[in-house]
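Colleague: Could you walk me through reading salt bridges and burial in a model like this? I would like the general idea, then the case at hand.

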Amino acid sequence: MAVRVRPATVADISGIVEVSTLAFDPSTDAISARLFPAHLRCSDSNAAFSKWSTARTSARLDMQNSVVMVAVDDAAEENVLGFSMWLTPVPEGSQADESPGPKPTFSGIDFEALVELRRIMEQDKQCIFGKDGSKHSWNLDYLGVHPKHQRRGIGKMLLSWGLQQAREQERDCYLLATPAGLPLYEAAGFETIRIVQIFGVPHVSMKLAYQENLVVVNEV
């Protein structure tokens, strides 16, 4: 059957965690390795990461200005092939959910590094959008695809869903791209704003203005 994208539910949490653990394994991903350093890990190197991913996904499903999407295929062995987490624009006169996310209650994570990561990301948003940050834009916070199902266009499908929502609402889109994800976002029309160093890894702060989003669609 064909891959389709739909809103995530509580039943999808384990599948999202599986994809996240495989795609951002602390043994291979530089940011995850900084958040979950080897000297804090137990014998199961991914246990803390999985617990954190579970708590984070649960929190995002409960947030008012958050949308979690999953890519699924009923013919696939895996329940979830990919996922995306979006922070949605906050309506005028409303307050964004300012929750910084779940505070770990388990060992294995460097909480100071987590706080620093959040500070860097928020600082970048304010640098681009001003004191309100990206709360008036569609913000792609997290996107992952199962390693077994990469190069099937799943990342593009998950991204395209959010771009469509932004077009309908006449909003800009924002994200911080990893080096691996950069080609996907460039192909979608995102503009590089600046380079942001996160724990020594260069990330690319990118924005797709509403008018440019329309141009991309019209050219397809």
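Modeller: Gladly! Let's begin with Lys148, which is exposed, with a relative accessible area of 53%. Here buried means under 20% relative accessible area, exposed over 50% and partly exposed in between, with a 1.4 Å probe and protein chains only. Before going on: this is a predicted model, where local features need pLDDT of at least 70 and side-chain atom pairs count only at pLDDT 80 or more, while totals for chains, interfaces and linings use all residues. Residues are numbered from 1 along each chain as its sequence is written, and side-chain values use heavy atoms, with hydrogens and water left out.

Colleague: Which residue forms a salt bridge with Lys148?

Modeller: The general idea is that side chains of opposite charge can pair when their charged atoms come close. The criterion is a side-chain nitrogen of Lys or Arg within 4 Å of a carboxyl oxygen of Asp or Glu. For Lys148 the partner is Glu78, with the closest N and O atoms 2.8 Å apart. Lys148 sits in the loop between E4 and helix H5 (154–169) and Glu78 in the loop between E2 and E3, so the pair ties together parts 70 residues apart in sequence. Helices (H or I, at least four residues) and strands (E, at least two) are DSSP runs, numbered from the N terminus.

Colleague: Is Glu78 buried or exposed?

Modeller: Glu78 is buried, at a relative accessible area of 9%.

Colleague: How many salt bridges are there in the whole structure?

Modeller: The search finds 11. One of them joins Asp172 and Lys207 at 3.7 Å, N to O. Asp172 lies in the loop between H5 and strand E5 (173–177) and Lys207 in strand E7 (residues 201–208), so this pair ties together parts 35 residues apart in sequence. Asp172 is partly exposed at 22%, and Lys207 is partly exposed at 22%. There is also a network of salt bridges linking Arg56, Arg60 and Asp141.

Colleague: And how do I read burial along a helix?

Modeller: An α-helix has 3.6 residues a turn, so residues three or four places apart point the same way. In helix H1 (residues 13–23), the buried residues are Ile13, Gly15, Ile16, Val17, Val19, Ser20 and Thr21.

Colleague: What covers the buried residues of H1?

Modeller: The cover includes helix H3 (47–62) and strands E2 (66–72), E3 (82–87) and E4 (138–145); contact means heavy atoms within 4.5 Å. Across the chain, 47% of the 220 residues count as buried.
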